[in-house]
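Some terms used for a protein model rest on cut-offs.

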Amino acid sequence: EQAVEEAISGEDWHKLCSLLRKASSALAAPRGLAFPPSSMRAPAVEDAGRQLQRELQRRLRKILCRGLACLDLSDADTAVQLQPALSFLACLIQHFEQLSGVPVGDAQAGRQWARLKCLLSWAIRDGSDARPLTDGSKRLTGFQAST
């Protein structure tokens with residue numbers, strides 16, 4: 001988080017893109033809201049591990065939201081640098097929505113996921129040098145900058 005803030009304050013956009021690529025690669029897919037009954041929960045040690053993992057994922061989503069909001073996602077160079085990260089995020093969101101049948105905003109940490117989706121939609125919609133990738137069925141499969 002500190003490195004992201006330093007890159008933003010120093011206007012080191014290449015470093016910020018690099019940090020966002022790393023953060024996105026460690027991000028887990030969105031999860032639904034279903035929880036097991038308390039009687040079926042794992043022991044407290046596993047709960048602590050899951051809690052640490054949830055906190056890490058929350059921080060990764062926060063970093064991605066902060067960083068993507070600071071970048072000009074319509075810039076061709078930025079789009080090229082972030083293409084792997086944006087494709088990965090778009091696929092995570094699309095996969096969740098297709099499997100669950102609900103918007104990603106209804107997932108656990110739905111506000112962060114909805115914000116990421118909004119940022120991705122803006123990048124794809126408004127990026128003059130950016131276009132969505134599809135698999136032939138008009139489903140979004142990623143994000144790529146035009147050359």
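## Terms and values in a predicted model

Q: Why is Q112 called buried?

A: The model is a predicted one. In it, Q112 has a relative accessible area of 18%. Buried means under 20%, so Q112 counts as buried. Q112 lies in helix α5. Leaving aside neighbours within four places in sequence, Q112 is in contact with R58, R61, K62 and C65.

Q: What makes S24 count as buried?

A: The relative accessibility of S24 is 3%. The limit for buried is under 20%, and therefore S24 is buried. S24 belongs to helix α2. Apart from neighbours within four places in sequence, its contacts are L64, A85, F88 and L89.

Q: Why is V80 called partly exposed?

A: V80 has a relative accessible area of 47%. Buried would need a value under 20% and exposed one over 50%; V80, at 47%, is therefore partly exposed. V80 is a residue of helix α4. Between V80 and C17 there are 9.8 Å in space, C-alpha to C-alpha, and the two are 63 residues apart in sequence.

Q: Is I63 buried or exposed, and how do you know?

A: The relative accessible area of I63 is 13%. Buried means under 20% and exposed over 50%, so I63 is buried. I63 lies in helix α3. Not counting residues up to four places away in sequence, I63 touches E1, V4, L20 and A23. For I63 and L20, the separation is 43 residues in sequence and 7.5 Å in space, C-alpha to C-alpha.

Q: How do the axes of α1 and α2 cross, and what is that arrangement called?

A: The axes of helix α1 (residues 2-9) and helix α2 (residues 13-25) come within 8 Å and cross at roughly 155°. Angles over 145 degrees count as roughly antiparallel, so α1 is roughly antiparallel to α2. The crossing of α1 and α2 is left-handed.

Q: Which residues of α1 and α2 meet?

A: From α1, A3, V4, A7 and I8 meet W13, K15, L16 and L19 of α2. By class, the residues of this contact are seven nonpolar, no polar and one charged.

Q: What makes α2 roughly parallel to α4?

A: The axes of α2 and helix α4 (residues 76-100) come within 9 Å and cross at roughly 10°. Roughly parallel applies to angles under 35 degrees, and therefore α2 is roughly parallel to α4. On the α2 side, H14, C17, L20, R21 and S24 meet D77, T78, Q81, L82, A85, F88 and L89 in α4. The residues of the contact of α2 with α4 divide into six nonpolar, four polar and two charged.

Q: Which residues have the most contacts inside the largest nonpolar core?

A: L20, L68 and L82 have the most contacts inside this core, which has 29 residues. The elements giving two or more residues to the core are α1, α2, α3 (44-70), α4 and α5 (110-126). The largest share, seven residues, comes from α4. Setting aside neighbours within four places in sequence, L20 is in contact with I63, L64, G67, L68, L71, L82 and A85.

Conventions:
Residues are numbered from 1 along each chain as its sequence is written. This is a predicted model: local features need pLDDT of at least 70, side-chain atom pairs count only at pLDDT 80 or more; totals for chains, interfaces and linings use all residues. Side-chain values use heavy atoms; hydrogens and water are left out. Axes are lines fitted to C-alpha atoms, for helices over the stretch in contact, and angles run from 0 to 180 degrees between N-to-C directions. Helices (H or I, at least four residues) and strands (E, at least two) are DSSP runs, numbered from the N terminus. Angles under 35 degrees count as roughly parallel, over 145 as roughly antiparallel, 65 to 115 as roughly perpendicular and the rest as oblique. A crossing is left-handed if the near helix is turned anticlockwise from the far one by less than a right angle, and right-handed if clockwise. Contact means heavy atoms within 4.5 Å. Ala, Val, Leu, Ile, Met, Phe, Trp, Tyr, Cys and Pro count as nonpolar, Asp, Glu, Lys and Arg as charged, and the others, Gly among them, as polar. Buried means under 20% relative accessible area, exposed over 50%, partly exposed in between (1.4 Å probe, protein chains only). A nonpolar core is a set of buried Ala, Val, Leu, Ile, Met, Phe, Trp, Tyr and Cys residues joined through side-chain atoms within 4.5 Å.
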